[in-house]
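Work through the exercises below with the model open, and compare each step with the solution that follows.

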Amino acid sequence: MSRRWIWLLVLLLPGSLGVAWWVIQSRPAPEPVVTQITDIVPPHWVEEAQCQSCHSAAFADWQGSHHQLAMQPATEQSVLGDFSGQQVDSDTESHQFLRQDDAFVVRTPGADGQPADFKVAYTFGLEPLQQYLLELPGGRMQAHGMAWDTQQQAWFHLYEGQGVDHQDRLHWTGNQQNANFMCIECHTSDFQRDYDAAGDTFASHWKALGVGCQSCHGPAAEHLDWAEKNSAGATPMPKQQEGSMGFAASLAIAPAEEVQVCARCHSRRAPLDDGYQHGNALMDDFLPSILSADLYEVDGKIKEEVFEYGSFKQSKMYIAGVICSDCHNSHSGELRATGNGVCTQCHNGNAQPIRLAIQGSGLQSKNYDSPTHHNHPNGSPGAQCINCHMPGKLYMTNDLRHDHSFTSPNPPQALELGHTDACLGCHQQVAAEQIVAQFLAQYPDAEPRDGGYAQDLAAARDGKPGAVAGLLRQLTRDDQPAIRVATLVSELPRYPSLTALQHLANAAQHPDPSVRVAAVNSLPALASEAQLMELLAPLAGDPIRAVRLAVAWQLAQLPPPLRAGLTAWPVLQAEYEQVQNNLLERADAHFNLAMLYQLSGREDQVEGALREALVRDAAFFPAVVMQAQWQEQYLRLPRVGLTLLHKAVTAHPQEPSLHYALGLALVRQGNLADALPAFTQAQQLAPDNPDYTYVLAIALHDSGKPEQARQLLRKQLAADPANRQLRLALVSYLGATAAEAVLLMEQLREQNPDDPAIVRM
């Protein structure tokens, strides 16, 4: 079964300037069914000052909040940084901050590396740092890499020490710092990127700067009509508008919907459109990340910049029905109480939740704000709930973000599994073993409160004995948070069996769309093409767009005759294509279109899409590789393909994927001798990449160096015991009867006794 890669952008919002690539191994997904309704006028927006007359308290809370002031024109009042002419040097460039008449100006290297003056158009954020958006041609707003530390009253570079200059993808002039795509949506109300692919320009616009009332509640024009008619005693609103008071949903956002509304910005997610639609489910407009090993620690705590949603959705708080506004004032953003008061709203001697809708059966009646509970002096950092149950991490250099999974400290497990821990983090001056001993003395009966989730997930990722048993144990729990189910499901492809396939089939029908997406992405590794078609067909009409897109990507890679009977396929394909067309400012969207064109028989459009990808980002290496492969395999111009790869390797000698692609191209042309150095270079640049190790081992073996191949596989397998491909390759090169091979297969049996390779023995 052919495999391909779809590259989906994962935004770091709000306020993030970095970009992470989320690679999903799967096939094209069915497109959502879109019905055009032309006789309904969409709801429209109003000036938000009108909200004040009826909602004075909420409006007063909102005034001056981080939401209201998230993005402001650069003025004397809004600019917090020192623009008195100060020059600041980062590790690669010099920057000067000036006033020119009424304008705020940054003298800084542009895209050509030469210093020039750029006007600050808008401020971004308030504290602990403020960033600045500079104007570039084509309607682009770019976030400069220098930011103002509002606490230290000093400039600092977000990527200090990382060698970011005008040639780097993280330079402020590049696509990775384009605020039109990356940032502004979560700092304004009703933002539209409005990108013109033909001219490569933006005509971006918004209804209001800052996050206002209608950002969360939706357009308010019909609400004003409702309010006027009800206050005047006039003709009542139509029945269908009574409950919503003129809003698409309701003025009072339902608890079940509130977390999704907040997650539009407070999550790490990929966009599926130009903005979002009020009333849509979150995953109709965005694809949130799961708890992948690169983003979250094995116990679910935050690792990379992921914001609050993914953490909170796995918490016992979320499962009990707690929502964001139980702890935070939705309009001011401030906590509902100071100190431990926000927690003792529910965790108190009465064991009564703050709202009746919160499930309080798990609450215990005790004084949590007492040394008898936290074993620290009152008033000390250890007496604060958040320091133990919501440990924080610094992002963007000085921005402390608290973990929202609400874990409990467990130093013994942290040492065993290698994740962070509140006790170990606070008491770094004390030996870890001493902290563990003290913890066990104070809490002799302490057990992880996740039902073994972290232990079993770690065993699966590390290839320990019982790996599959642990995965299945966690998947059969009826109290497992959906985002953890999705994470566990994504681990199953490493452990093939009929049982694992059945679990994926069940997950494809899970009520939570994140689980269905994870199942769809995992199925191709375990299912035959016929099985895949049978399991995916019922999801072609899934009500959630992100699920349909995942299905479409898988179906697109199946042989056309196999999906010929699926009447929904043309609609699915069209929707998938439309989503990519919504994101044409990004290189990855053009790359995805190129793959879709190839798979759908539109070969004449492939090269154009790849060229457009490289216009958007000349260092988007998947497009470089596919362009070379297209020359070689479709146009039958192998020399041209090789030339493209050689040029790319020369321009980017530290990029392992280019060396790897060059090696594969040389092998296809029968030149293993020249391919071997290319594979070696790729593996040395990315020694943790198992694919590079696997192919290099094959090349070494086929070049008459079998012991080098075996040694390489042994070393990589020791670092990644769960890698089945490396294990079976080493067994093959050892010979099935060799003592070492027998041991390797016995270890595989301990991991996954139903593995097909074990069953066949």
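**Exercise 1.** Determine which residues E491 touches, not counting residues up to four places away in sequence, and whether E491 is buried or exposed.

*Solution.* Taking contact as heavy atoms within 4.5 Å, E491 touches L457, R461 and L471 once residues up to four places away in sequence are not counted. The side chains of E491 and R461 are also joined by a polar contact of 3.0 Å, that is, a pair of N or O atoms within 3.5 Å, of which one must be able to donate a hydrogen and the other to accept it, while residues adjacent in sequence count only if both atoms are side-chain atoms. E491 counts as buried because its relative accessibility is 8%, where buried means under 20% relative accessible area, exposed over 50% and partly exposed in between, with a 1.4 Å probe and protein chains only. Its place is in helix α18 (residues 482–491), helices being DSSP runs of H or I with at least four residues and strands runs of E with at least two, numbered from the N terminus.

The model is predicted, so local features need pLDDT of at least 70 and side-chain atom pairs count only at pLDDT 80 or more, whereas totals for chains, interfaces and linings use all residues. Residues are numbered from 1 along each chain as its sequence is written, and side-chain values use heavy atoms, with hydrogens and water left out.
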